[in-house]
Amino acid sequence: MIKKKVTYIDLDGKEKTEELRFHMNKLEYIKFVGGIGIELEDKVKELTDKNDVLGMTNLIENLLVVSYGKMDGKKWTKSEEDQEEFRNSEQLAELFAALITNPDEAAKFFKHVSNTAGDAKPKAKVVAKKK
């Protein structure tokens with residue numbers, strides 16, 4: 001799990017800071033890689049080499065939303081409602097802007113999220129190759 005503190009201006013004009021949490025389990029990682037058809041690090045390199053800004057934008061947004069969740073006591077939860085709310089939030093917009101303008105920070109984020117899947121990476125490569 002990776003935690004990111006995000007400071008943003010809410011819709012009432014008040015500055016707020018929240019700690020957001022991101023994690024992908026093995027199944028989520030394999031499905032994500034299967035969906036993009038190539039290992040995550042390879043996709044980032046491909047988009048960077050092509051200077052595909054829209055592709056990178058979509059990849060980062062989707063990765064953030066898919067890996068976003070909340071802690072409810074000791075229980076990690078992800079719901080479609082929470083993810084949809086996050087997709088439309090100022091928190092996502094601020095974190096996205098921070099990552100898209102700082103390639104080193106984005107690379108660390110990608111690496112950390114993909115490393116949480118552990119031994120799913122070889123399995124994800126097989127799924128990606130079948131696509």
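pLDDT is the predictor's confidence in each residue, on a scale from 0 to 100. The model is predicted; local features require pLDDT of at least 70, side-chain atom pairs count only at pLDDT 80 or more, and totals for chains, interfaces and linings use all residues. Residues are numbered from 1 along each chain as its sequence is written, and side-chain values use heavy atoms, with hydrogens and water left out.

Mean pLDDT for the chain is 86, and 88% of residues reach 70 or more. Helices (H or I, at least four residues) and strands (E, at least two) are DSSP runs, numbered from the N terminus. Confidence is highest in S2, at 96, and lowest in helix H7 (residues 120-130), at a mean of 55. Where pLDDT is low, the predicted coordinates should not be read in detail.

The largest nonpolar core holds 28 residues. Such a core is a set of buried Ala, Val, Leu, Ile, Met, Phe, Trp, Tyr and Cys residues joined through side-chain atoms within 4.5 Å. Buried means under 20% relative accessible area, exposed over 50%, and partly exposed in between (1.4 Å probe, protein chains only). Phe 22, Leu 63 and Phe 109 are among the residues with the most contacts inside this core. H3 gives the most to the core, with six residues. Beyond four places in sequence, Phe 109 touches residues including Ile 2, Phe 22, Leu 63 and Leu 99; contact means heavy atoms within 4.5 Å.

In H2, Leu 40, Lys 43, Val 44 and Leu 47 are buried. Seen down the axis of H2, these residues fall within an arc of 100°, so they line one face of the helix. The arc is that of the directions from the helix axis to the C-beta atoms. The buried residues of H2 pack against H1, H3 and H6. Lys 45 and Asp 49 are exposed on the face turned away from the buried side. Just after H2, Asn 51 takes a positive phi of about 55°.
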